[in-house]
Each structure stands twice: as structure tokens, then as C-alpha cells.
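Subject: Model handover

Hello,

Here is the model you asked for. Please open it alongside this note; the findings follow below.

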Protein chains: 2
Amino acid sequence: MVTSPEVALRAAGLRVTKPRVAVLDVLAEYPHATADLVTNQVEAKLGRVSKQAVYDVLAACVDVGLVRRIEPAGLPALFENRTGDNHHHLVCRACGLTTDVDCATGERPCLTPSDDAGYLLDEAEVVFWGMCSECQLKWRSPRPM
Amino acid sequence: MVTSPEVALRAAGLRVTKPRVAVLDVLAEYPHATADLVTNQVEAKLGRVSKQAVYDVLAACVDVGLVRRIEPAGLPALFENRTGDNHHHLVCRACGLTTDVDCATGERPCLTPSDDAGYLLDEAEVVFWGMCSECQLKWRSPRPM
DNA sequence: GACAGAGACTTGACTCGTTCCAGAAACGGT
DNA sequence: ACCGTTTCTGGAACGAGTCAAGTCTCTGTC
């Protein structure tokens with residue numbers, strides 16, 4: 001997804017507005033941004049923007065597939081602009097740092113359950129939980145709790 | 001996990017109290033219960049219980065590994081008492097119905113990412129998203145939107 | 001270039017799930 | 001039975017996200 005926000009928006013049939021472009025710019029810069037971070041960064045570019053506008057923009061982009069929303073347990077929702085492939089995520093239990101991993105097997109749904117229990121499945125979401133290298137260091141060294 | 005709640009609690013080093021036993025009973029009956037459902041069901045057994053007590057009990061049980069907490073995106077947290085194995089979940093996008101699936105590969109972590117990016121991983125959480133058989137019927141038949 | 005209507009944005013109140021706090025009650029080892 | 005610890009109660013508070021109503025701004029058309 002190297003197209004510019006303007007082109008991507010138009011291609012998706014969405015109107016091109018300043019907030020939308022700004023949101024997509026932010027996502028290009030921060031690959032796993034919370035709604036809150038997006039709001040702050042957009043405000044840094046445009047001045048005051050309502051949080052509602054940010055949620056609307058994000059929802060619209062998620063709807064048309066420009067943005068993907070992930071919600072690791074215990075963390076606020078994260079938004080990312082990498083949507084074409086079916087990649088997965090590594091999440092740090094300590095600090096929440098989230099990193100992409102390419103899907104081991106290739107295309108979606110990359111996994112199939114032993115038994116689908118009658119469900120019509122369209123996606124296998126994989127989250128790898130662990131501790132990022134930075135937090136491993138922090139927790140290994142003696143520190144006051 | 002077929003041991004009785006009392007035995008399980010004691011084995012885990014937790015005190016045996018009526019609310020705790022009741023919570024575990026409820027989880028035995030409802031394999032994927034929300035905190036709210038647990039509260040209602042416990043109240044049906046014991047009379048008034050504070051929601052704080054329920055959250056405390058659940059948190060204590062999660063801590064000692066008697067209960068597992070899962071948080072599918074968009075749904076309130078679900079609690080389940082099946083903790084020994086490393087099974088995964090099928091979640092219906094339409095109604096939220098959650099069903100267990102045995103892990104395809106066996107033991108934990110059942111998957112390894114193509115690249116661990118320096119993380120020390122301990123769990124691969126897999127959620128299969130789709131539509132349960134009941135919702136497939138509902139959506140296939142003509143219905144007013 | 002101006003216009004109109006659909007779509008997008010603002011403001012502010014509100015819901016929901018969850019957590020925090022202080023004090024009261026219950027448990028269980030001695 | 002007693003006492004210290006742990007657990008439970010009730011209520012307030014929090015953060016993320018949603019709803020509703022009104023205003024503004026794109027964009028296609030004249």
C-alpha cells in the first residue's frame with residue numbers, strides 16, 4: 001500500500017478531506033496507532049479535531065479495507081494501514097509493543113481448525129504473546145517493584 | 001478439569017468461599033461466560049453479590065490458572081474454566097457465539113512465527129472469525145434490515 | 001464559478017465494561 | 001474463641017467508544 005492517501009481514498013470511493021488524509025498519514029508513520037495517538041498526531045498537523053471525527057474516519061477506512069483494526073486483549077484498539085496481506089502480530093505482555101509478523105503459511109485464512117463446528121470461517125487471527133526484547137532486559141535486571 | 005470447585009480452589013491455594021464456588025459452578029455450566037452473566041447466575045444461587053466480588057474471584061482464579069480469560073475484539077471479556085489444554089476459539093461475527101476448537105497442532109505454543117523479532121514468546125492465541133450456523137441461516141433468509 | 005445535496009465534522013452527553021477505594025465481614029490457623 | 005489476613009460490599013471513578021443533533025464542506029451539475 002504505497003499509494004498516497006488521496007489516491008487510496010478516492011479509489012475506495014471515499015471523499016478526500018483533510019482529516020482523512022491526515023489520519024492515513026499518521027498511520028503510515030505509526031504502524032500500530034491507538035485512536036488516541038491518531039487524534040493527537042492529527043491535531044499536531046491540523047489543529048483541533050474532534051475525537052468523533054477520528055473514530056468516524058477510522059471506521060470508514062476500516063469499512064472499505066484501507067485500514068485494519070486489531071484489539072489485543074487488555075489494550076485499546078490499534079489501527080494499521082497494512083491490509084493487503086494476512087499478517088499476524090507479536091504483542092508484548094509488559095509494554096504492549098506490537099510488531100507485525102508475516103503469516104507463516106501464506107494466504108488467508110492461513111489456518112483451518114480441526115473442526116469448524118458449522119461456522120463459515122473467513123479469518124484466522126493469530127496473536128503471539130510474549131515479552132519484547134526491551135522488556136526482557138528491564139525485567140531481568142534487578143529493579144524495585 | 002473435572003475436580004469439584006472446592007478441591008480445585010484448595011489445590012490452588014485459595015480459600016473456599018461461597019462466591020468462589022458459585023463462580024466456578026457457573027463457569028462449569030456456561031463455558032464462555034461474561035462477567036455480567038457470571039454475576040447474574042451467582043446471584044441466582046446466592047442472592048445479592050457485588051460485581052466487585054465477581055471480578056475479584058475471576059481475577060484470583062485467572063491468576064492461579066483455574067480460569068482463562070479471553071477477550072475477542074468487540075466483545076466483553078469471556079471467562080472459561082478449560083485451562084489445561086491449549087485450545088482455540090471460533091467466534092461468530094454476527095452474534096458473538098464462542099466455541100472451543102481443539103488446537104490443531106497439539107501443545108503450546110502451538111505455532112511459531114516466521115520471525116520472533118526478539119520477543120520471548122509464551123503463547124499463540126488463535127481466534128477464528130466467521131459466522132455460526134444459526135446466523136448463517138438468519139442472514140441467508142430474506143429479512144428486513 | 002455558483003449551487004444543492006450528500007456526506008463529513010463538531011460538540012457534548014452518555015453507555016458500557018472494568019477498576020479503584022475504604023470499610024465491613026468472613027475465614028481458618030493457633 | 002481470638003486475631004490477623006483475606007475477601008466482600010457499595011459506591012465512585014475511569015477510559016474507550018458511541019449516539020444524536022446541528023453545522024460545515026466536498027463534489028458533481030448547471
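H4(B) gives the largest share of the surface near DNA strand D, with 5 residues. Near means that a residue's C-beta atom, placed from the backbone, lies within 6 Å of the strand. Helices (H or I, at least four residues) and strands (E, at least two) are DSSP runs, numbered from the N terminus.

This is a predicted model, so local features need pLDDT of at least 70, side-chain atom pairs count only at pLDDT 80 or more, and totals for chains, interfaces and linings use all residues. Residues are numbered from 1 along each chain as its sequence is written, while chains are lettered from A and ligands numbered from 1 in the order in which they are written.

Back to the DNA. In total, 23 residues surround DNA strand D. The closest are Ala77(A), Pro19(B), Ser50(B), Gln52(B) and Ala53(B). Both chains contribute: helix H3 (35–46) and helix H4 (51–64) of chain A, and helix H2 (18–29) and helix H4 (51–64) of chain B, each supply at least two residues. By class, the surface has 11 nonpolar, 5 polar and 7 charged residues. Here Ala, Val, Leu, Ile, Met, Phe, Trp, Tyr, Cys and Pro count as nonpolar, Asp, Glu, Lys and Arg as charged, and the others, Gly among them, as polar.

Next, the contact between the chains. It takes 33 residues from chain A and 33 residues from chain B. Two residues are in contact if their C-beta atoms, placed from the backbone, lie within 7 Å. On the chain A side, S4, strand S5 (98–101), S6 and helix H5 (133–140) each supply at least two residues. S6(A) gives the largest share, 12 residues. That side has 18 nonpolar, 8 polar and 7 charged residues. 100% of the interface residues of chain A are also interface residues in chain B, so the copies meet through the same surface.

How do S6(A) and S6(B) run? They run antiparallel, joined by 11 bridges. Strands count as paired if DSSP finds at least two bridges between them. Phe128(A) stands opposite Ala124(B) in this pairing.

Now the symmetry. A rotation of 180° with 0.1 Å of shift along its axis superposes chain A on chain B, with an RMSD of 0.1 Å. The two copies are therefore related as by a two-fold rotation axis. In chain A, the C-alpha nearest that axis belongs to Val126(A), 2.3 Å away.

Last, S4(A). 5 of its 5 residues are buried. His88(A), Leu90(A) and Cys92(A) point one way, and His89(A) and Val91(A) the other. S4(A) pairs with S5(A) in the antiparallel sense over 4 bridges. S4(A) and S6(A) run parallel, joined by 4 bridges.

Best wishes

Methods
Copies are superposed by least squares on the C-alpha atoms of residues with pLDDT of at least 70 in both. A residue is buried if 20 or more other C-beta atoms lie within 10 Å of its own, exposed if 12 or fewer, and partly exposed in between; C-beta atoms are placed from the backbone.
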